[in-house]
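Hi there,

Here is the structure I promised to pass on. Have a look at it first, and my notes follow below.

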Amino acid sequence: MTTSSARLALAMQACPLVAILRGIRPEEAAGIGQALYQAGFRLIEVPLNSPQPFDSIAAMRAVLPEDCLLGAGTVIDPDDVTRVRDAGGAIIVMPHSDPAVIRRAKAEGMLSLPGVATPTEAFAALAAGADALKLFPAEQVGPPVLRAWRAVLRAPLLPVGGITPHNLAEFAAAGASGFGLGSALYKPGLSADEVGARAREFVAAWQAIAPR
């Protein structure tokens, strides 16, 4: 049986870009999810402050292949972890680093990506069982800080916040393992075709700098 950490490694190897679909609605989730998958994405997150987020996760899980890992973001209540799992999610993404949420995710056999903004938070999250770290907000952390962190942190580091196709290279050179993509990829009201076009632009930007 493939472990959750192995599934994350495979998804990151295929495309280390996480689609953050804040505000998506269940009726559009399947189409947008398919557009992202066709563009190359294998990691998709529905923030829990979206309309009916569990229904959106379930709608995408029903149509996307198993190698596409789905999850929820803005998870701040440990009890929501089980609801994400029951909807078909495998990843718990947080804006902060609450050990209770991290431990619940690991107890449910799920992946945990907490948000961190300092080395102290980063090491505490890893000690609690985090699989990867969300550097948030990336605009505040910045490539110089990321480079300094990388000297002491071996875990996957994914900047989130203000990431565009034009600044991927700078963060990657500083040691980013992947990226969380928000409003530059998806905003409520965009069609599946529009999201797919943006997704292909991000994938092309990554492929231009990805290690061979």
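In which sense do strand 1 and strand 2 pair, and over how many bridges? In this predicted model, strand 1 and strand 2 (residues 43-47) are paired in the parallel sense, over three bridges. Within that pairing, Ile20 sits opposite Glu45 of strand 2. To get from strand 1 to strand 2 the chain passes through helix 2 (residues 26-39), a β-α-β crossover that is right-handed.

Strand 1 also has a partner in strand 9 (residues 179-181): the two run parallel and are joined by three bridges. Here Val18 has Gly180 as its bridge partner.

Now for the side chains of strand 1 (residues 17-20). Leu17 and Ala19 point one way, Val18 and Ile20 point the other way, and all are buried.

On to the packing. The largest nonpolar core has 61 residues, and those touching the most other members are Leu17, Leu21, Leu36, Phe41, Ile44, Ile92 and Phe179. Helix 9 (residues 192-209) supplies the largest share of this core, with six residues. Another core, of twelve residues, lies apart from it and includes Leu8, Ile91, Ala132 and Leu158.

Notes:
Residues numbered from 1 in each chain as written. Predicted model: local features only at pLDDT ≥ 70, side-chain atom pairs only at ≥ 80, totals over all residues. Heavy atoms only, no water. Core = buried A, V, L, I, M, F, W, Y, C linked by side-chain atoms within 4.5 Å. Buried < 20%, exposed > 50% of the residue type's maximum accessible area, 1.4 Å probe, protein only. Helix = DSSP H or I, 4+ residues; strand = E, 2+ residues; numbered from the N terminus. Pairing = 2+ DSSP bridges. Right-handed = clockwise from strand over helix to strand, strands pointing away.
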